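Good morning, and thank you for coming. Please look at the sequence and the structure on the screen while I describe them.

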Amino acid sequence: MVIKLDQTDEEEVSFVAQEKANPNIKLPVHLLYKEDGYYVVRINDLSPNW
């Protein structure tokens, strides 16, 4: 997943992922790459219906 943030002001950014069907379960998110406001994250353990 690629996310573009327009205003980060060099602050620390974190991501949380959850499925709509199971909102109480937080999925593992790993930041793979960041540059110029673009963040590439990997979300693991998604169900086939995500």
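Let me begin with a definition: rings of Phe, Tyr and Trp (for Trp, its six-membered ring) pair if their centres lie within 6.5 Å, and planes under 30 degrees apart count as stacked, over 60 as edge-to-face and the rest as tilted. By this rule, the count is one aromatic pair.

A word on the source. This is a predicted model, in which local features need pLDDT of at least 70 and side-chain atom pairs count only at pLDDT 80 or more, while totals for chains, interfaces and linings use all residues. Residues are numbered from 1 along each chain as its sequence is written, and side-chain values use heavy atoms, with hydrogens and water left out.

Next, the overall form. The protein chain has five strands and zero helices; here helices (H or I, at least four residues) and strands (E, at least two) are DSSP runs, numbered from the N terminus. The C-alpha atoms fill a box of roughly 35 × 15 × 15 Å along the principal axes. The radius of gyration is 12 Å, whereas a compact globule of 50 residues would have one near 10 Å; this radius is taken over C-alpha atoms, and the globule rule is 2.2 Å times the number of residues to the power 0.38. Buried residues make up 18% of the 50 residues, where buried means under 20% relative accessible area, exposed over 50%, and partly exposed in between (1.4 Å probe, protein chains only).

I now turn to strand β5, residues 38–43. Which strands does β5 pair with? Two strands pair if DSSP finds at least two bridges between them. Strand β1, residues 2–4, is joined to β5 by three bridges and runs antiparallel to it, with V2 opposite V40. Strand β4, residues 29–35, is joined to β5 by six bridges, also in an antiparallel arrangement, and here L31 stands opposite V41.

In a regular strand the side chains alternate between the two faces of the sheet. In β5, the covered face holds Y39, V41 and I43, and the uncovered face holds Y38, V40 and R42. On Y38 there is a further detail: K4 lies over the face of its ring, at 4.9 Å from the ring centre. A charge sits over a ring if NZ of Lys or CZ of Arg is within 6 Å of the ring centre and within 35 degrees of the ring normal.

Let us consider the backbone. Most residues other than glycine have a negative phi, and most peptide bonds are trans. D36, in the loop between β4 and β5, has a positive phi near 50°. That hairpin has two residues between the strands, and D36 is exposed, with a relative accessible area of 63%. D45 also has a positive phi, of about 65°. D45 lies in the segment after β5 and is exposed, at 60% relative accessible area.

Finally, where does P28 lie? Its place is the loop between β3 (26–27) and β4. P28 is partly exposed, with a relative accessible area of 31%. What is P28 in contact with, leaving aside its neighbours within four places in sequence? The partners are R42, I43, N44 and D45, contact meaning heavy atoms within 4.5 Å. The C-alpha atoms of P28 and I43 are separated by 5.8 Å, although these residues are 15 apart along the chain.
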